[in-house]
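Hi,

Here is the structure I said I would pass on. Have a look at it, and then read my notes below.

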Amino acid sequence: MPRADKVKALLRALPGVDTLVTRVEGHAALAGVTRRRLTEAARDVLAAERRRVLEGAPAAAAPAAAPVDALAERVVARLSQGGAFSLARVVNATGVVLHTNLGRALLSPLARERLQAVAGAYSNLEMDVNRKERSSRYAHVDALLQRLTGAQSSLVVNNCASAVLLALESLARGKEVIVSRGELIEIGGEFRIPDIMRRSGATLREVGTTNRTHLKDYAQAIGPETGLLLKVHTSNYRVVGFTAAVSSRELADLGRARGVPVMEDLGSGCLIDLRRFGFPYEPTVPEVVASGVDLVCFSGDKLLGGPQAGIVVGTAGLVGRLAQNPLNRALRIDKFTVAALEATLYAYEAGNALETIPTLRMLTEAQAAIRRRARGLLRRLPPETHARLGLTLVEATSQVGGGALPTVELPTAAVALGTPERPAQALDERLRMGQPPVLGRVLDDRLLLDFRTILPSDIPALAAALAAL
């Protein structure tokens, strides 16, 4: 039979889409996957097989078509990795507490409880039930933020970048904003202060140098076109050595004397001084508010340990201008953010934030406790697994992450694995392909699983994944 006829025969022998879908329906690995998604995957697999037959055949002879069972296995392999939902749980064994790519801060049990309460029922999001009148969604957290920070008023938007944009657009559109050259930061996703300033309609006025800026630099730059003095806390990097910077209080005094509002972007705002746990000094939100700065912006999902949010606290007049800006409507938070943020702030007011907020608990956990958790995992695994994977308990360092406290290294305990027969890179790939995916870090030809960020609830799944290797 001529080669062309053989190819046609092979193509005709391929199963139909419905036949292939019927073959894979009910497979245990595809539980929850919709029929529509099964159909799309079957079409893709069949299209790839047709291309293989048409393009991959040697000139001398036609290739053999894949049997139906082999095609079904390809459909299962394509779909089983992701499961029914794309956004899914992973085991964070990287040691980065506020891992941006893995969702940053974990919510407290109370915050999760409050989310469930408002998700499954109607709520008084914008209703004063006593008066049966419309109210503000911000009222649920405003009083808490006032008490915790000492500010007159507050506003919450969807993230800190939005808070900065809203403030610049509200207070300095068409005017100059004076910023130290050493504070023109870039954060993740290439968010840069100069870029956001152009978007807001404000004009950037740089003062000082990269490493040294003095109060006189700001004073000399203030003129009729000045709309705002902006101080940006360098939360994701440090300039060290021959440096000078203007304090929040000095800048606030200058702004008050010259009639210019002052705003500070803290980036990762913290309400608790962590120096007693060995952390370097980091200005807290109450400190900056007390310094006299008119507006302070900070994130809800970094050191605060709550949901993604951009929080603005400050004087009632300026916060009110931000709230009245039409742009605020596009940036406003939903009921889930309100619920989780209220619960997070409540923990600070109740005095149990260090015990109940996962971010703070992980950051301040002692190395000895982390080591005990790592040993608990090793005890779950048989000696042959230890030998085959080269499992050892090692000391390592964790990171804060999330653009916060960039120079801090936290002593931790990790389980290291990898042998010449089972190299770390290959083990890392296999663990990432599992369910749930396990993400560690490869260091010096060893895969480290850092137990600072491995939750107690992760350990059974992690033990099963290691045993399966």
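Predicted model: local features only at pLDDT ≥ 70, side-chain atom pairs only at ≥ 80, totals over all residues.

The buried residues of helix H6 (residues 139-149) are covered by, among others, strand S5, helix H11 (285-290), strand S13 (310-314) and helix H14 (335-350). The residues in question are Val-141, Asp-142, Leu-144, Leu-145, Leu-148 and Thr-149, where buried means under 20% relative accessible area, exposed means over 50% and partly exposed is in between, using a 1.4 Å probe and protein chains only.

Residues are numbered from 1 along each chain as its sequence is written, and side-chain values use heavy atoms, with hydrogens and water left out.

Now the sheet. It is open, has seven strands and mixed pairing, and runs in the order S5-S13-S12-S11-S10-S6-S9. Strand S5 (153-157) and strand S9 (203-207) are the edge strands, each pairing on one side only. From one strand to the next the twist averages 25°; for this and the other angles, axes are lines fitted to C-alpha atoms (for helices, over the stretch in contact), and angles run from 0 to 180 degrees between N-to-C directions.

Helix H10 (residues 248-258) packs on the sheet, where it touches strand S10 (226-232) and strand S11 (262-267). Touching means contact, that is, heavy atoms within 4.5 Å. The direction of H10 makes about 175° with that of S10.

Strand S6 (residues 176-180) deserves a look of its own. Four of its five residues are buried. S6 runs parallel to S9, joined by five bridges, and Val-179 stands opposite Glu-206 in S9. With S10, S6 also pairs in the parallel sense, over four bridges; there, Glu-176 has Thr-226 as its bridge partner. Two strands count as paired if DSSP finds at least two bridges between them.

On to the helix pairs. Two packed helices are described by the angle between their axes and the distance between the axes. Helix H17 (residues 367-380) packs against helix H20 (residues 459-468) at an angle of about 45°, with the axes 10 Å apart. That makes H17 oblique to H20; the scheme is that angles under 35 degrees are roughly parallel, over 145 roughly antiparallel, 65 to 115 roughly perpendicular, and the rest oblique. On the H17 side the contact is made by Arg-373, Leu-377 and Arg-380, and on the H20 side by Ile-459, Pro-460, Leu-462, Ala-463 and Leu-466. These divide into six nonpolar, no polar and two charged residues. For the classes, Ala, Val, Leu, Ile, Met, Phe, Trp, Tyr, Cys and Pro count as nonpolar, Asp, Glu, Lys and Arg as charged, and the others, Gly among them, as polar.

How do helix H7 (residues 160-172) and helix H12 (residues 316-324) cross, and at what angle? Their axes come within 9 Å and cross at roughly 105°, so H7 and H12 are roughly perpendicular to each other. Leu-166, Ala-167, Ser-170 and Leu-171 of H7 meet Leu-318, Arg-321 and Leu-322 of H12. By class, that contact has five nonpolar, one polar and one charged residues.

Lastly, some backbone details in the loops. The peptide bond from Gln-435 to Pro-436 is cis, with omega near 0°, and Pro-436 sits in the loop between helix H19 (424-432) and strand S16 (438-439). Arg-104 is not a glycine but has a positive phi of about 55°. You will find Arg-104 in the loop between strand S2 (96-98) and helix H5 (109-119), partly exposed at 21% relative accessibility. Lys-132, also not a glycine, has a positive phi of about 55°. Lys-132 is in the loop between strand S3 (127-128) and strand S4 (133-134), and at 71% relative accessibility Lys-132 counts as exposed.

Cheers

Methods
Helix = DSSP H or I, 4+ residues; strand = E, 2+ residues; numbered from the N terminus.
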